[in-house]
Protein chains: 2
Amino acid sequence: MDVKTVCLGLLSFGEASGYDLKKHFESTIDHFYSTGFGSIYPALAALADEGFVTCTAVPQEGRPDRKVYRITPAGEAALRETLATCEPMHKTRSEFLALLYFAHMVPPDRLRELIDGRIAGMQQGLERLNASACPARHSWPASVQFVQGFGAALLEAAVRYLRENRHLLETPPATRGRRRVA
Amino acid sequence: MDVKTVCLGLLSFGEASGYDLKKHFESTIDHFYSTGFGSIYPALAALADEGFVTCTAVPQEGRPDRKVYRITPAGEAALRETLATCEPMHKTRSEFLALLYFAHMVPPDRLRELIDGRIAGMQQGLERLNASACPARHSWPASVQFVQGFGAALLEAAVRYLRENRHLLETPPATRGRRRVA
DNA sequence: CGCAACATGTAAGCGGTTACATGATTAC
DNA sequence: GTAATCATGTAACCGCTTACATGTTGCG
């Protein structure tokens, strides 16, 4: 499932511009599928080419036309087909965890800063998720809430684990009695 | 931090062949940084070119020479440098969550099967992590244990969340009184 | 005065995945 | 017999990231 499909799925919630989609990505999707304008705009153009969306240019003052996309019946059928048949993967690529894996080669100060930073970043992500969940004014389906809850649950677990176990990385090995005071 | 750096890091634990590294990736790294031979072999060749590892060919019967790689002092320095200065990212790309996000477009049976499959896959991953953690015979540093524990904690949280909240996706919306019997 | 938000797009480049190529041994 | 394990590599392809390109409005 590529960016095109995700954009098509988002358009199944209602019409939107590329800019709108980017904001949607940032607010609730970023934690499991992040992307940028460089992927979104070409995706929308391709979807329009295939007849899966229509595009209406809304003139604006002092800005490029706002291009509003709407999903077509063909697009909805294609989306259902893709969702019904694709083999959805799930993968994490974390240089952060890789670095921790090699903690024995990382200066202690650096290690501490990185872990502090990561915890802070995760709590920020948590706040962002909860913030966009609160309003409850959306016409979005329950699944959105579900996926945000999933992200929040994982973030909470990650923060807890880091807090409770970082000492395993940060205490000196103590093998070979190095720096033993007594 | 690319595949090259991770391979170099793994070689800081001790000598290994490309094949060995692949097994190491599969057993304990896969959950946060997966890769294949197509990345590992070129990475090792590049590291050898740069003088960060040496390569000793060990002849075998009926098989290609086993090429054993060892990190050099220059390689260790380069590794420390990279780990001390890189900006480690952490990102998840989940088509699975994307699909759940659009659950309103997915046939209920398919949805159930996918969630069941994902839970099963996660529990398998959990068993694999615990299995490779148990032996305790490794000369690997504590950080390895730490990272495996991290993976396990997240998997557990994910399984729990899916179990406890899947009904939110699987019960019909009930809006507009569809299929209301009474 | 400078920065953020609004708004859309192109194109090079990069890293990684996938498929291909080869081939013996061992266990079921 | 047929699948899995051992063992190494090459190369095309592909999608995504990044940088570039442009320009107005409004806020502090």
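# Two copies, one interface: a tutorial

Tutor: Welcome! Over all chains, the structure holds 16 salt bridges. This is a predicted model, in which local features need pLDDT of at least 70 and side-chain atom pairs count only at pLDDT 80 or more, while totals for chains, interfaces and linings use all residues. Residues are numbered from 1 along each chain as its sequence is written, chains are lettered from A and ligands numbered from 1 in the order in which they are written, and side-chain values use heavy atoms, with hydrogens and water left out.

Student: Why are the two copies said to be related as by a two-fold rotation axis?

Tutor: Chain A can be laid on chain B by a turn of 180° and a shift of 0.0 Å along the axis, with an RMSD of 0.1 Å. The two copies are thus related as by a two-fold axis. In chain A, the C-alpha nearest the axis belongs to Thr92(A), at 2.1 Å. The superposition is by least squares on C-alpha atoms of residues with pLDDT of at least 70 in both copies.

Student: How do you know that the copies meet through the same surface?

Tutor: Of the interface residues of chain A, 100% are also interface residues in chain B, so the surface is the same. In all, 65 residues of chain A are in contact with 65 of chain B, contact meaning heavy atoms within 4.5 Å.

Student: How much area do chain A and chain B bury between them?

Tutor: About 6300 Å², 69% of it on carbon and sulfur atoms. Buried area is the accessible area (1.4 Å probe) that two parts lose on being put together, summed over both. Tyr101(A), Met105(A) and Phe146(A) supply 14% of what chain A buries against chain B, more than any other three residues.

Student: How many salt bridges cross that interface?

Tutor: The rule finds zero between chain A and chain B.

Student: What makes strand 3 of chain A and strand 3 of chain B a pair?

Tutor: Two strands pair if DSSP finds at least two bridges between them. Five bridges join these strands, which run antiparallel, so they meet the rule. One bridge partner is Lys91(B), which faces Arg93(A) in this pairing.

Terms used. Salt bridge = Lys/Arg side-chain N within 4 Å of Asp/Glu carboxyl O. Helix = DSSP H or I, 4+ residues; strand = E, 2+ residues; numbered from the N terminus.
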